[in-house]
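Let's take a walk through this one together. Keep the model open as you read.

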Amino acid sequence: MRRQLTGALIALAFAGGLGVQAPALAAECDLGDVNGRVNVLGNEFPALQAIMAAAGTCAHGGLTVEDNLTQEHKDIQVAALTANPSEYTGAFVANSSLVPLMNANLVRPLNDLVEQYGENISDRQKIVIDGNIVAIAFMANAQHLMYRKDLLEQAGVEPPATYEEVLEAAQAIKDADVARYPLTGTYQSGWNLGEEFINMYMGYGGSLFMAGTAEANLETEEAVKALETMKSLTELMNPDYLTYDSNGASTQFEGGKAVMMNMWGSRAGAITDDEGAVEGVAENTAFGPAPTVGGGETPATTLWWDGLVIPKNISDEDAEATFRVLASVLTADLANDNAEAAVWLIDGYEPVATAEGVLASAQAGAKPYPMLPYVGLMHTALGDELVEYLQGSESAEKALADATASYTAAAREGGYL
Amino acid sequence: MPHRTFWMFLAPSAIAMVLFIALPIISVIVQSLYIENEKVLITTESCGPFGCTENVTVDEEATARLLEEQPLGRFNGLGTYTNRNHLAFDELGAAWSARESFGDFVGEVMNLPFYKALAFTLTYTFATTPIVLFLGFLLALAVNSLHRWLKGVVIFATLLPFIITPLIGSLVLFWMIDADGIIGSTLQWLYDDPTLSLKASPTLTWITLIVYGVWHTTPFAFIVFYAGLQTVPGETLESAMIDGATRFQRTLYVTIPYLAPLVLFVTLIHLMDSFRVFEPIVGFSAEANATSLSWIIYNDLSQETKLFGSAAATSMLTIIGISIILLPVVYRTWRDFRTG
């Protein structure tokens, strides 16, 4: 008995010493009078895990709280929410994953629920489309500049504010032999590459579609300039850049190989924590707003939000239970207890260092990722067709023409053109 | 066997095949002939954390009504098959008439996604098959002549590449061939070229994928041939030895003819499997340099807006492709069974 106790104490001390992190819970919630079923589908971020852990404390006899947080949520969300009754009573979506749900008429307007139970929800959290509140946003995300301030100092360059300065700084770093491949980024062909192009194109002031229509607007000067800037950036990256997604690029940065990158703000916490990085990375990483480009004032990035939607195909009781549980959990306490996990949009959240980049980009006027029904098709077409330009086997104009043709064929099939 | 007994034996498999193979394929064919209804788009105001903008959204009720009237969508006939993302007849015609040389035309064709994928798929299929057969046979011969106590261990070791899930195997190799990984840096040192990267060049990526394909599938050929070698009649081999045949002649004139049906079998299976190559492309994140027909289907279905008609059309084209490739092998097998 004594040995077992000692063993347990040692194990506890060990766990404490290793700094095992459980998501910090907010105060106990008291929804004893709410009955129903809550089951939320979402992505695998630490922030969402924290929210669902807090929501779990609300469960009691008449109220069950479950979740399915997986990277594959985007693939199953439309099918899962189409079922009647739907397995999931709520879903965590972002601006891009909200659109397929709206296209399939699966989202329940939350105006009544917000009026009755939404005192804690600020106006900027409400995603309103055509007068209907379709989602409650609680965190923001964007790609912005992350850099090693010690290595920049070593090479004698200032933190860059425009992409032209990024190129100069990277060249100086390379010439000073501080790093062989100073830059890295999420340039994996497919969704990531499409996102990089959209960011850069927005920075140059371009718009993806002709105003008010679903016709592509890629054969413009700004698009060619965006591609050329991307090409110059890739010349200072590890030649395998077309295979690196967020994981690959973060690995390079944490491994001390890259000096600057344009990375998702939601990764900031993972990069500056004590795990997985070589000496000197975590404490020397600094965050800046996304650079501007071409003399423009808009940062070359897009703003994303993550929020909660409630599907149509569930009972009113479950919808109310889900809304009330999550509304009671999304408080400033939760945000401040998990300050590094996300850039929370909840009033009362005090931003920490890792949130600087996203907030600075937002304040500098970055545009939100377009929530158009056909932007997903454009994103895919860009990610697939721009590769050959970066590999040097096509001209920029040809690559953009190919992307336009690919998008147009897909849009015709989808019924948008 | 009386006909009735024959049909009763066949019935369960036949019913299962109809339910799980034939009907789904018919459903896919039907789906490939339709495209989505026209979406009714309206301009509305949308507000979010970053301000309010004018936005285009889908008119949910009007679209839902259209969906009720025409649940399958608009009939498009073979339109999806001939559009740019599939057989691209229009683009092919334009490229042919605008060509400056045949090489020019081929370059234009390779620019089209379906043909690019088809080129890699065919290259992968026809490059890996002979190598797999040859290496598998050599391995089987070698292992067959080992001491008994060594055979078990060696067979297990040889089977390992086939046992490892393709996705995991290719992920492990992805990091090993990275410019900073062990294989990548060794190659850079061997060729004294610090910019050499297997993942950056399309040709080298194709070679990497083919090498991976051979590595992964050779054990399958090996084990089938090894089993076949156990059945080669000892007396024929002995009489060949007595007649003074060399080892090489014995293999060529006795062993190989006996193994011919197995060669056909392995070829059949491997042609089918390699035409559907997919996991290595995902595992190696090689879609920038090499795509395959299965990968195009996956791409259509894994984005946020899923293109079911397009994926269905590519699936049908893949089935037709496999049928064409397997025709010679199947004909040979049928002929053998008829006469034998």
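In chain A, the C-alpha centres of domain 1 and domain 2 lie 29 Å apart. Those domain bounds come from an automatic or database domain assignment, which gives domain 1 as 17-140 + 304-359 and domain 2 as 142-303 + 363-414. Before going on, a word on the ground rules: this is a predicted model, where local features need pLDDT of at least 70, side-chain atom pairs count only at pLDDT 80 or more, and totals for chains, interfaces and linings use all residues. Residues are numbered from 1 along each chain as its sequence is written, while chains are lettered from A and ligands numbered from 1 in the order in which they are written.

Now look at where the two domains of chain A meet. The contact draws 18 residues from domain 1 of chain A and 20 residues from domain 2 of chain A; two residues are in contact if their C-beta atoms, placed from the backbone, lie within 7 Å. Helices here are DSSP runs of H or I, at least four residues, and strands are runs of E, at least two, numbered from the N terminus.

What about the inside? The largest nonpolar core has 190 residues, and Ile51(A), Ala55(A), Ala140(A), Val309(A) and Leu386(A) touch the most other members. Such a core is a set of buried Ala, Val, Leu, Ile, Met, Phe, Trp, Tyr and Cys residues joined through C-beta atoms within 7 Å, with buried meaning 20 or more other C-beta atoms within 10 Å of a residue's own. Strand β5 (residues 132-148) of chain A brings the largest share, 12 residues. Leu386(A) touches Leu193(A), Phe197(A), Leu227(A), Ala399(A) and Ala403(A), leaving aside residues up to four places away in sequence.

Finally, the partner chain: 42 residues of chain B are in contact with 48 residues of chain A. On the chain B side, β2(B) gives the most, with 6 residues. Strand β4 (residues 126-129) of chain A and β2(B) pair in the antiparallel sense over 2 bridges, pairing being called when DSSP finds at least two bridges between strands. Within β2(B), Ser46(B) is the bridge partner of Ile129(A).

Notes:
Buried ≥ 20, exposed ≤ 12 C-beta atoms within 10 Å, placed from the backbone.
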